[in-house]
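User: Could you take me through this model? I would like to ask about its parts one by one.
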Amino acid sequence: MFRIVSIPGDGIGPEVVAGALEVIDTLAAKHDLEISIEEHLFGGASYDVHGEMLTEDTLDACKKCDAVLLGAVGGHKWENLPHDKKPEAALLKLRKELELFANFRPAKVYDALVDASSLKADVVGGTDFMVIRELTGGIYFGEPRGYDDNRGWNTMVYEHYEVERIARLAFDAAMKRQKRLVSIDKANVLESSQFWRNIVHDVHKDYPEVQLQDMYVDNAAMQIVRDPKQFDVIVTKNLFGDILSDISGMITGSLGMLPSASIGSAHAMYEPIHGSAPDIAGQNKANPIATIASVAMMFEHSFCMKNVSDEIYAAIESALAQGFRTADIAKAGDTIVSTTEMTEAIVANLKAL
Ligand code: NAD
Ligand code: IPM
Ligand code: MN
C-alpha cells in the first residue's frame with residue numbers, strides 16, 4: 001500500500017493536481033496497485049479556511065505518508081501578509097520540517113517540442129540534464145534576516161554537512177548518468193561559495209570517475225541558454241538553483257513541462273517547478289505535464305517502480321507526438337487543448353500502452 005498526501009494548493013495547483021491524480025488512478029487500476037490518497041489544504045487555500053498556511057494536521061499527514069504531491073502555493077490575495085505568514089514561507093517550513101534537502105529538476109527536451117522553446121531547435125534539441133538544487137539551506141534560511149525602514153538583510157550561510165551531503169548525492173547521480181558534474185557557485189565574490197567549492201572538491205576525491213567542473217553562476221546562466229547540451233548534472237545552492245531551473249524550464253518549451261522531486265533521508269515531495277500562475281488560474285489552460293511527470297518521479301524514487309515511471313513518460317511523449325498542445329507549448333497554427341484535454345490524452349495513452 002502506497003500512501004500519498006495530495007496538496008493541490010492555490011491558483012492552477014488544483015487544476016494540475018487533478019490531472020496527476022487521474023494518472024495515478026489509471027495506473028492503480030491498470031497495475032492493481034493499492035494506493036491511498038489523502039487530500040490536505042496548504043498555503044492560501046488553508047489560510048482562508050483555518051487562518052494558517054500550514055496546519056499541524058497537514059504537516060503531520062506529510063510526515064506520515066510515503067510521498068507528498070504538491071501543486072503550487074501563493075497568489076495576489078496573500079502577497080501583502082507579513083513576510084513570515086506568506087504561503088511561500090509555509091512552503092519553506094514544510095521543506096525544512098521534512099528535511100527535503102535535495103531537489104531534482106530534470107530538464108529534458110521532448111523531440112516533439114524542439115520547436116516550442118524560444119531558442120532555436122538545433123540549440124535545444126537533445127538537451128537532457130539534471131539540476132540538483134540544495135533546498136533547505138543557504139540564503140533562504142540563513143539568520144539573521146529581516147528589514148526595517150532603513151535596511152533589509154539576509155544571510156547566505158552553509159554548514160559543512162549541508163554541502164557535503166548534497167555534493168555526495170550529486171556525484172552519485174552523475175555516476176548513474178554521463179559522469180559529468182558542474183558545480184555552480186559565485187566563489188569569486190562570496191566566501192560561502194568558496195566554502196562550497198572546497199567541499200565539493202573534497203568529495204570529488206571519492207568519485208575519481210566523475211569529471212568535475214566549477215562554473216560561476218553568471219556564466220552558467222549564459223551557458224544554459226547558449227549550449228544546454230553541454231550539461232549532464234548540475235549541483236548548486238538554493239537560490240542559484242531556483243533561478244537556473246526556471247531558465248532550464250524554458251529550454252524545454254515551458255515552465256509547465258518541468259517536474260521535480262524533493263528528497264530527504266526520511267520523506268519525499270513531488271511538485272512541478274512552476275508556481276500558481278495566477279494569470280491563467282481557473283481557466284483550464286494550465287499545462288499539467290510538469291505535475292504528471294512529477295508523479296513519474298514519485299513512482300521511480302518513492303515506490304521503486306521504474307517501469308511505471310517509464311510508462312508515464314511514454315504516455316506524455318505520445319500525447320506530444322500526437323499533436324496535443326496546451327497554450328504554453330503551442331506555436332502559431334497549432335490547435336490548443338485545455339488542461340483536462342491534455343490529461344485525457346495522456347490517460348488514454350497510458351491505458352493503451
Ligand atoms: P509562475 O511559475 O506561477 O508563473 C510564471 C509564468 O509561467 C506565468 O505566465 C504562468 O502563466 C506560466 N506558467 C507557469 N506554470 C504554467 C503551466 N503549468 N502551464 C502554463 N503556463 C504556466 O511564477 P510567478 O508568476 O512568478 O508566481 C506566481 C505565484 O506562485 C507566486 O505567489 C509565487 O510565489 C508562487 N510560486 C509558487 C511555487 C511553488 O509553490 N512551488 C513555485 C513558484 C512560484
Ligand atoms: C520554487 C519556488 C519557491 C522557491 C518559492 C515559492 C518559495 O520558486 O519552488 O522554485 O523559491 O523555492
Ligand atoms: Mn522557483
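User: How many residues surround ligand 1, and which are the closest?
Analyst: In this predicted model, 23 residues surround ligand 1, and the closest are G74, G256, H274, G275 and N287. A residue is near a molecule if its C-beta atom, placed from the backbone, lies within 6 Å of it. Local features need pLDDT of at least 70, side-chain atom pairs count only at pLDDT 80 or more, and totals for chains, interfaces and linings use all residues. Residues are numbered from 1 along each chain as its sequence is written, while chains are lettered from A and ligands numbered from 1 in the order in which they are written.

User: How does that shell divide by class?
Analyst: The shell around ligand 1 has 11 nonpolar, 8 polar and 4 charged residues. Here Ala, Val, Leu, Ile, Met, Phe, Trp, Tyr, Cys and Pro count as nonpolar, Asp, Glu, Lys and Arg as charged, and the others, Gly among them, as polar.

User: Which domains does the shell around ligand 1 draw on?
Analyst: At least three of its residues come from each of domain 1 (1-101 + 264-353) and domain 2 (105-256). These bounds come from an automatic or database domain assignment.

User: And what surrounds ligand 2?
Analyst: Ligand 2 is surrounded by G74, E88, L91, L92, D242, I273 and G275. Helix α4 (residues 87-97) gives the largest share of this shell, 3 residues. Helices (H or I, at least four residues) are DSSP runs, numbered from the N terminus. By class, the shell around ligand 2 has 3 nonpolar, 2 polar and 2 charged residues.

User: Back to the domains: how many residues are in contact between them?
Analyst: In domain 1, 19 residues are in contact with 21 residues of domain 2, where contact requires C-beta atoms, placed from the backbone, to lie within 7 Å. On the side of domain 1 that touches domain 2, the elements giving two or more residues are α4, α10 (289-301) and α11 (306-321). That side comprises 10 nonpolar, 3 polar and 6 charged residues.

User: How far apart are the domain centres?
Analyst: The C-alpha centres of domain 1 and domain 2 lie 23 Å apart.

User: New topic: at what angle do α1 and α12 cross?
Analyst: The axes of α1 (residues 13-31) and α12 (residues 339-352) cross at roughly 15 degrees and come within 10 Å. Axes are lines fitted to C-alpha atoms, for helices over the stretch in contact, and angles run from 0 to 180 degrees between N-to-C directions. The two helices are therefore roughly parallel to each other, a term for angles under 35 degrees.

User: Which residues make that contact?
Analyst: Among them are V16, V23 and L27 of α1 and I346, V347 and L350 of α12. By class, the contact has 6 nonpolar, 4 polar and 4 charged residues.

Terms used: Parallel < 35°, antiparallel > 145°, perpendicular 65-115°, else oblique. Contact = placed C-beta atoms within 7 Å.
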